[in-house]
Amino acid sequence: MESYTIIVLLLAATLRVATPLVLAALAGLFSERSGVIALGIEGMMLGAAFAAAAVSATSGSAWLGLGAGVAVATALALLIAFACVTHRGNQVVAAMAVNIMVAGLGPALALAWFNLGGQTPQLDGAGQRFGAVLWPWAQAAREAPFPGLLYAELLSGHNLIVYLAVALVPFSAWVLYRTRFGLRLRAVGENPHAVDTAGISVTRLRYEAVLISGVLCGVAGTYLSTAASAGFVRDMTAGKGYLALAAMIFGKWKPWPTFGACLLFAFTDALATRLQGVTLPLEGVVPVQLILALPYVLTVLLLAGFVGQAVAPAAIGVPYSKEK
Amino acid sequence: MSAVPSMKLPRWVELGMLPVINLAAALVVSGLVVRWIGESPWAALKLMTDGAFGSQEAIGYTLYYATNFIFTGLAVAVAYHAGLFNIGAEGQAYIGGLGTGLVGLWLGHWPFWAVLPAAVAAGAVFGAAWAFIPAWLQARRGSHIVITTIMFNFIASALMTYLVVNVLIKPGQQSPETREFAAGASMPGMHAMLGKIGVPFTATPLNLAFFLALGLAALVWVFLWRTRWGYAVRVAGLNPAAAVYAGISPARVTVGAMLLSGALAGLLGLNELMGSQHRILLDFPGGAGFVGIAVALMGRNHPLGILAAAVLFGALAQGGSQLSFDMPRVNRDMVVVIQGLVILFCGALENVFRKPLEAVFNFGSRLAARGKTDR
């Protein structure tokens, strides 16, 4: 294969790998901008992945699966908000509780319902998965390498959720910076007392933010089990929620830089997958474990702040109480 | 501030009653999940209790699992006192176990009394080393320690898979395991030790490491509440600003507490590898690092509480595996669900039951106070 084709395919793969990261990172962004630590996105995604695959497998409709995924992730978000906002519990502990609980609950329910050793059945029927959307003349355009291949592979041929994720980046930026809700959301993460003094409910704003993050995680989880793969398997998020969070921190809690960080992660991942089994000139065959560990190593490196200090919202992780 | 005179609960309610209520709530929700799956919660509870405490063998296995959870629970608690949430006990136990396992492989022909200190030192050093980078990054660069320790769990897993599959594997063998340790690297079993003093006990994996874990719990108590360093850890954890005024460096406490935490988690290999498996194999911590979070939270980060919580989770692990034999629709993932629920109710939702309890006890104490003034 010539290098141009390789690059185009690599970029297309990057976009597909980036999709759940982008959705999860935006979820984290809304939650953390309101002052609630978003470690729970891992569990919300995993829960949605299971619910979407289970419902799609039994009903035969990926759209019903999406509904179930969003419903479950939102319910988990509600639980986190109940613990952290209403009862002012420790936000990190609440998130980890949800993550661990969901990691057990998915396989436990899958075993009881489908009896396939903790997985859901393969989704191979028509309409059970989100399939590729072919743009007009994509097949014909493939014949002409440039820009035809670019059009056919990079722009066309992804599923709906990929396009949704990309569209949500400017939309989130608009909501955060150009709407009244966005202004209040940013304010409540920096100085909840000021927001409270202005007569706006801190509790309500934080609930809204956490619920938004639940909906986004629902879509991300659904993507994992019904679009990127064909069914739910144990621990299928494999830390993607934490990667997304790292991308968000690297992106300094702003939509566009966060999107860029997600693309960087995804590109590394796509590149690593390509390198699997390839013999490099000096090193020989790269161990598969090194390739698998690469995104995690990259996360640590990015968090180590070799690229400048990141400043979190001032009130993050602090439960709000009127008395102080 | 609030108008109610004292919102504090009596000590026995705070340390005894509240955890029991939170645990009960977690178990009730777990029971609902079992019912949802289509099995009887009562039957499941009975099977689990019998499986965990019904015989000498059951008790031996329960305490054997509990030993792992004491190590990881203490690890999480020490970090927690410094204000750090160490999610990385799993990876630290994995890498610490590598240290212990290497001693077992290379020095196993030594007599046991010489192997043991080497194995303890190697486990502690390897575990601490694995905790060091996240700790340093937190202290110096402000990198969120929760995320970095989680990443180090994944990296540990990849590294160990590489080492076991490609480097340490016993030659000419398919399954990813090393060769067996020589006899000197084998922890004396509880049945052997009790047998020597004439007490019969069924052969189980329960071994000397259990007593080491109990000793460590005492040492951790002494460290936290009876030494200068422990005091510094607790001050920095409760109020970093006050710590700075008192001349304590929060950055140094962060690194020191995490090194200690990693070392404690790293000793898990003494029980799991030298006590039971006698070789290095894949994924031997088996989630004990995450159980340690639940154990520490339930035990209120106090060594005594951790011992009690570790036995409880040992019983859940042992009873849970018994349960999956007898109820094929329930598997060991159910135990993970219960862990998550315990963390949720004992950690995140602890205020839910505290407020009503405070109301009850303050009402009581106000009545008592009025009784005194009337007289």
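1. Two residues are in contact if their C-beta atoms, placed from the backbone, lie within 7 Å. By that criterion, 39 residues of chain A are in contact with 42 residues of chain B.

2. This is a predicted model, in which local features need pLDDT of at least 70 and side-chain atom pairs count only at pLDDT 80 or more, while totals for chains, interfaces and linings use all residues. Residues are numbered from 1 along each chain as its sequence is written, with chains lettered from A and ligands numbered from 1 in the order in which they are written.

3. On the side of chain A that touches chain B, two or more residues each come from helix 4 (91–114), helix 11 (240–250) and helix 13 (288–303) of chain A; helices are DSSP runs of H or I with at least four residues, numbered from the N terminus. Helix 4 of chain A gives the most, 15 residues.

4. Helix 7 of chain A (residues 160–178) has 19 residues and spans 26 Å from first C-alpha to last, close to the expected 27 Å, the latter being 1.5 Å times one less than the number of residues. A:I161, A:V162, A:A165, A:S172 and A:L176 are the buried residues of this helix (20 or more other C-beta atoms within 10 Å of their own; exposed is 12 or fewer, partly exposed in between; C-beta atoms placed from the backbone). Their cover includes helix 1 (3–33), helix 8 (180–190), helix 10 (202–228) and helix 12 (255–275) of chain A.

5. B:E14 lies in helix 1 (residues 11–37) of chain B and counts as partly exposed because it has 14 C-beta neighbours inside 10 Å. B:E14 and B:R300 are 286 residues apart in sequence but 9.5 Å apart in space, C-alpha to C-alpha.
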